[in-house]
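Thanks for coming. I will take a few minutes on one structure, going from the overall fold to some individual side chains.

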Amino acid sequence: MLFNSYIFILLFLPLCLTGYFALNHFRRYSLAMVFLLGMSLWFYGYFNPSYLGIILTSIVLNYSITRLMRITNGKAARRAELAAALLVNFGILFYFKYFDFFISNVNSLFAAHIPMKHIVLPLGISFFTFQQVSYVIDAYRGQTGNYSFLQYAAYVAYFPQLIAGPIVTHDELIPQFLDQDRKRFQWENFSPGLFLFTLGLAKKVLIADTFGKVADWGFGDIPGLGTVSAALVMLAYTFQIYFDFSGYCDMALGLGKMMNFELPANFDKPYRSLSISEFWKRWHKTLTRFFTRYLYIPLGGSRKGMARTCRNVMIVFLCSGLWHGAAWTFVVWGGIHGACMVIERLLGKRLEKIPGFLRWCGTFLILNLTWVIFRAETLADAAAFFGRLFSGSAAVGGLTDAFKLSEITALFRYGLNMAVPSMVPKLVGAAFYGAALWMSTRRENAYDIAGRLKFGNVSMLLTAILLVWCILSLSGISSFLYFNF
């Protein structure tokens, strides 16, 4: 189920909030958790009920192994249980996400003809796998509580963060499930939560999807691009993935806030970064935390000299690239980011002598160029795109068609009784690019704004108007980009 869909906004969410708080009001606390788990599983299995078997099997296996760890005394036995848990988790992830990729590379290298299975990737498998891996490792270290199966299952399947993060640790969410003060409906949390959800929905529906039309147009006809159109397409995808992922994160945090749960912030104005290192402290923060805590530090982190540090950084970013998708484009994308991180470490404080604006320009340019590799279907397509980017042609083509918005058309047709002038989509496009650059680099996050606003009649009316506008714009529903990862 998508956050940006009629069934979620008009049926699922009101039903979920009403049922959860009503059961808690009548002190049916365990039943309320069962209800929340059931709603989360409905949310997950809405498009394909067979997905439920995968996530439920994963939950049962991981919980069983961690319970076994609690009664196992021998260190060697506990290590074996940890190894088994990791093997199960990554084995499931490998089969569904990487099996065909592995077979295709074996066929290419050895001229083999092993048939591929064409497996459909279950939604959110990378996210709930990593979340459970973090729990298993923490359980091995003795850092988890004596949680019931219901509490654990609700923690893994909690619908706001299930499909595309944030990757939540057990100590961030399960204690909130048990907090009695959070079980009653609270307007002081619902209001900013609704504001965050609405703002995230607007980012997705009104901004990201509009830039997505430009990106789809450009990457769908790479040979027809010129330097100007390729640059605008590249920038369009940079803004699409920003507002798509930022919008999802706002919506997830807003949904949690409505239910009195605080989810960890996953996004902190990454396009303000002055280095790639800073970018990864701001973009998908919980994924960075996962790799730092469970891969980079166990590898030795930065404790064993510069050479080992650089090696560890490259391992982390190659894994991060592969985590995003089973294709060489993602591996190369991760490798380039890792190489940039290594260079920044080697240069050290010498980079700080460069004026901040120039560092920002350099970082933003690298991000744009590497997003091309991330978005391209193949490395050959990425190379072809770069060829058109540096071709010297000024052609723009049909790029401005994406900015022929239905709202603008309706305004001219019914308000002014005339056709939309040809210049208007170009002006709208220029306004979109300018506004996107300003919004993605301003100082405050949506979460910060929600925290300082005083929600009275006027602010809630404006929120309601924006929400209705977004709902009326849902005719072109699209999934979130991170659903594919």
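By buried I mean under 20% relative accessible area, with exposed being over 50% and partly exposed in between, using a 1.4 Å probe and protein chains only. On that scale, 52% of the 485 residues in the protein are buried. Before going on: this is a predicted model, where local features need pLDDT of at least 70, side-chain atom pairs count only at pLDDT 80 or more, and totals for chains, interfaces and linings use all residues. Residues are numbered from 1 along each chain as its sequence is written, and side-chain values use heavy atoms, with hydrogens and water left out.

Overall fold. The protein has 20 helices and zero strands; these are DSSP runs, H or I of at least four residues for helices and E of at least two for strands, numbered from the N terminus. Along the principal axes, the C-alpha atoms fill a box of roughly 75 × 60 × 55 Å.

Contacts next, meaning heavy atoms within 4.5 Å. Of those between residues at least 6 apart in sequence, 76% join residues at least 24 apart.

Trp360, in helix H15 (residues 356–375), is one place to look. It is buried, at 18% relative accessible area. Leaving out neighbours within four places in sequence, Trp360 contacts Tyr271, Arg272, Ser273, Leu274, Leu437 and Thr441. Tyr271 is 89 residues away along the chain, yet its C-alpha atom is 8.5 Å from that of Trp360.

Beyond four places in sequence, Lys257 touches Asn189, Phe190, Pro192, Gly193, Glu262 and Tyr447.

Finally, aromatics. The whole structure holds 70 aromatic pairs. Rings of Phe, Tyr and Trp (its six-membered ring) pair if their centres lie within 6.5 Å; planes under 30 degrees apart are stacked, over 60 edge-to-face, and the rest tilted. For Phe211 and Phe403 the centres are 6.3 Å apart and the planes at 80°, so this pair is edge-to-face. Phe211 is in helix H9 (residues 187–220) and Phe403 in the loop between helix H16 (379–389) and helix H17 (406–415), 192 residues apart. Both are buried.
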